[in-house]
Amino acid sequence: MLRASLGWVAHGKARHARLRICKPVLQPYNRRGFASVTDLEQYPQPGENLHGFTLKRSKHVPELQLTAFHLEHDKTGAEYLHIARDDKNNVFCVGFKTNPPDNTGVPHILEHTTLCGSEKYPVRDPFFKMLPRSLSNFMNAFTSSDHTSYPFATTNQQDFKNLMSVYLDATLHPLLKENDFTQEGWRIGPQNPKAAAEGQGGGEHNNLVFKGVVYNEMKGQMSDASYLYYIRFQNHIFPDINNSGGDPQKMTDLTYKNLKDFHVNNYHPSNAKLFTYGDMPLADHLQEVGRQLNNFDRKQTDKTTKMPIDLEQGPLYHTIKGPRDPMFDKDTQYKTSTSWVMGDTSNILETFSLGVMSSLLTDGYGSPLYQALLETGLGSDWSPNTGFDGGGKVGLFSIGLNGVSENNITKVKEAIQSKLQEVHRKGFDKGKIDGILHQLELALKHKTANFGMGLMQRLQPGWFNGVDPFDALAWNDIVTAFKQRFAEKGYLESLLEKYLLNDRTLTFTMEPSDAYGEELSSEETTRLAAKLSDVMKQAGGEAEAQKQLIARELELLEEQEKARDQDLSCLPTVHVKDIPRELERKVVRDSKIGDVKVQWREAGTNGLTYFRAINTFVGLPTELRMLVPLFTDSIMRLGTKDRTMEELEDQIKLKTGGIRMSYHASTSPVDMKASTEGFSFSGYALDSNVPAMYELLRTVIQETNFDSPEAESKIRQLLQADASGALDAVAGSGHSYARRYAEAGFTQHGLLSEQTGGLTQVQRTGNLANRTAVEGLGDVIAKLKVIQQFAISNASSLRAALTCGSESVSTNEAALQKFLSKLPSSTTIPEEQSPVSRDAFTPTTFFPLPYQVYYSALALPTVSYVHPSGAPLQILSQLLTHKHLHHEIREKGGAYGGGAYARGLSGLFGYYSYRDPDPQNSLMIMRDAGRWARDKEWTDRDLEEAKLSVFQGVDAPESVSQEGMTRFLTGIDEEMEQKKREQLLDVKKSDVCEVAQRFLIEGMGAARIAVLGEKKEWVKESEGWAIKSMELSKPSESAGASDLSAGDLDRA
């Protein structure tokens, strides 16, 4: 997986100069019989040796409830960081410094090919084969700008050992076969090799095209204008760091030899950093890691820390071309930003302080740069690179906008510089800084299920660039030092002057080009012709070249086919018997305050209270439902008659960990055709601040002023911000949008989800954003005011849930009662004038969008949550994904992803493909998957693996704030969960074949399909395709009460 960002903004890092000291040997031992794994007394002392590692130093960090250990492997110099914490969700990661030598994407392609087989595990694709042989809750690999990481997380000790063995062997001893390089990287081959070999069909079947999983992944990435802008910006400000993910235009220059050489030079323990986290014994980890690393000797590797360009001779200006967005105003599609190079991030205090300054300047509607740039209409949203990036050796600070008109390009930089000068004169508000520090305090108290993985991802970028991870962990020291410096007056202002009050800048702009897509396609055609010319010269002619390319493709297909039934006995596994048959129950109790039902979960929360409420509606009109996302945005933007949003934001930061309001819909667990909808309200705060949290929630819901003179312009800004990023948002998860649209024709819940979060909502938002000032938004505001009247009430339609410590129950109950007493006791919802039928969603739909690859989905209706067939359907989805669709759609078809899914609560089964070069082939595979599953002779091992895959999600660790929420949000109680658990564990092979026949074969006639991507000749209405344009309606067509039907995107 490609990680685009240079890294997390890691506050408080400093360089550590290591000293060589004598290393007395300590006999291997495991002293885990202490009260806590964070107790330093049970571990070696600095300078002692354990399993070939010398402990350099250790540090207890009480505010994070952890103890850190920094070790070095004696023989190779590999660095090892272990974080001991009483957390059962243990994490491992091995990473390597991988400065990309060019733009061919060799680090990214190597990340993929290392996972295709190793010396100890010589099976095809052991990484994907391990997914269903594990109980991990996270398994992946990331290519970052200058390093590559292989992390996993699991709560099972045997699983941890298994995965660590596979990961280490994959990275240190990969097979790196040439066929794996051509499958994952790039190759030239016929679009349909079997048909071409047999002389069938001609035409498209014989077309020679570029193929490769990473090649298509990156074509998809480059279709995302935000990613394109960000990566091109990085190319200009960090020219020494090439595109690690790979530019498709350069990727086809990469050779197999280049790949192998890059592995030899970079994937070596001397170039590695290892990370472990959790409550499992450090000694056990070191024993296995040391055994693997001892096979290597110390070696010189390229650990060069790359630096950005020198802007001392600035200002510099660069402009590039990018794609035009058909879903946004064509006259405001420029992206532009101005950037400064900051100081060395090893200055722990300064790096933290610059992060605080960045938040003060840009976070929230009341921030000075938001008011100067977005509120004035210079652009619609922040550019992708906006903010402080402290993940490298030196920091970067960028401010920019999307949705800028050509006339405003120069004005953006002028406004930035003018506002920074003004902020320097006026100074920073201590109250706003207190709000930021309060957020940090709550973040420390908030218990998350993925703390270890988050910690690894935050520490690693700086660690690879010479920044000391121990300093980043010294949280209290950093905050205390910051408070002391800020108290001296003028501290942040001096940093502002030091770094930003100058013109040593890079201004980077991307202008829209109507010809961009055509030029990309033309370049690929020309490049393909040049590559084919080289092949023909080597082969001795066109016919022989075609023959060789077909033969190579068939050879790859044969190898892929053999992998289906490959002996996997060399791979380690956990077993279904390791899964407890009994659900781990979380005790909740119910009470009532008046007519409002209240669910209580009493647990250790570090003095925090978590609140959630749902107000359900019956008969909500479609035209109001589709405005709910805009309503929830508006109440956090407009302010009240007495207080501005800036004042409210300050209070939210000072008193809470955040408050939120959103749309809620859920299917009935006993009837998939029935669903409920309403508003969800949530927030958390220190126990002492709960009354203030309730009052802030009530204020923004009930008192938001939709009649203020600025209301319409602010709502327009919200619409334009959403619309300007819509095309990129769809590109980032196009398969999800395709699935949502395909599902909308089956159930009420599917319809509601599409209307409020699907392509229907995307286009509705774009059309509203496209209205002229003359047309106005008066009718929209009138409807938002109607929604406000029934958003919340102290009635039986409202239910609440609180998670808190036992000691705060009584005070929380009193605070909730007071909150409810201020709400209206009854509300009225207007009647639906013209309800939308699910039949309006066409069964086979194509959305023409300017992407270089496709996203597709096929959905089928099944059964409700409590139905006995639900369990085998879930198992079947995993069997199809791992045993069939991955081979056919990803390995053979070249898509970045593809699989099957079963929505147990929604009662839907479906298939998807992601960044897919050939959706026709994928859809054919999907249609035939049921027959394949029915006729497959499933083994006990197949069923075992599918059950393990399902339980990775079922038994994934929960944050304390999520405990009891399944019951509260969906109505699925623990008895239903226990029954489902037993059904899943008891699924038989015959059950799988039966549901495949009933739902996937006999039910295929009811299938609904949606595909997103470039419209080509095969998309014809005569072939049954409904073609739905996502282009904006003309401004005059976007006005009116019901200008867009939620069921038909062409009615605009």
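Is Lys 489 buried or exposed?

The model is predicted, with local features requiring pLDDT of at least 70, side-chain atom pairs counting only at pLDDT 80 or more, and totals for chains, interfaces and linings using all residues. Residues are numbered from 1 along each chain as its sequence is written, and side-chain values use heavy atoms, leaving out hydrogens and water.

**Exercise 1.** Classify Lys 489 by accessibility and describe its backbone.

*Solution.* Step one: the relative accessibility of Lys 489 is 72%, so the residue counts as exposed (buried means under 20% relative accessible area, exposed over 50%, partly exposed in between, with a 1.4 Å probe and protein chains only). Step two: Lys 489 belongs to the loop between α17 (475-487) and α18 (491-499); helices (H or I, at least four residues) and strands (E, at least two) are DSSP runs, numbered from the N terminus. Step three: its phi is near 75°, a positive value in a residue other than glycine. Most residues other than glycine have a negative phi, and most peptide bonds are trans.

**Exercise 2.** Give the phi and the setting of Asn 606.

*Solution.* Step one: phi is near 60° at Asn 606, again positive. Step two: the loop between β19 (596-602) and β20 (608-617) holds Asn 606. Step three: with 28% relative accessibility, Asn 606 counts as partly exposed.

**Exercise 3.** Describe the surroundings of Gln 292.

*Solution.* Step one: Gln 292 is part of helix α10. Step two: its relative accessibility of 4% makes Gln 292 buried. Step three: leaving aside residues up to four places away in sequence, Gln 292 touches Ser 165, Leu 168, Asp 169 and His 173 (contact means heavy atoms within 4.5 Å).
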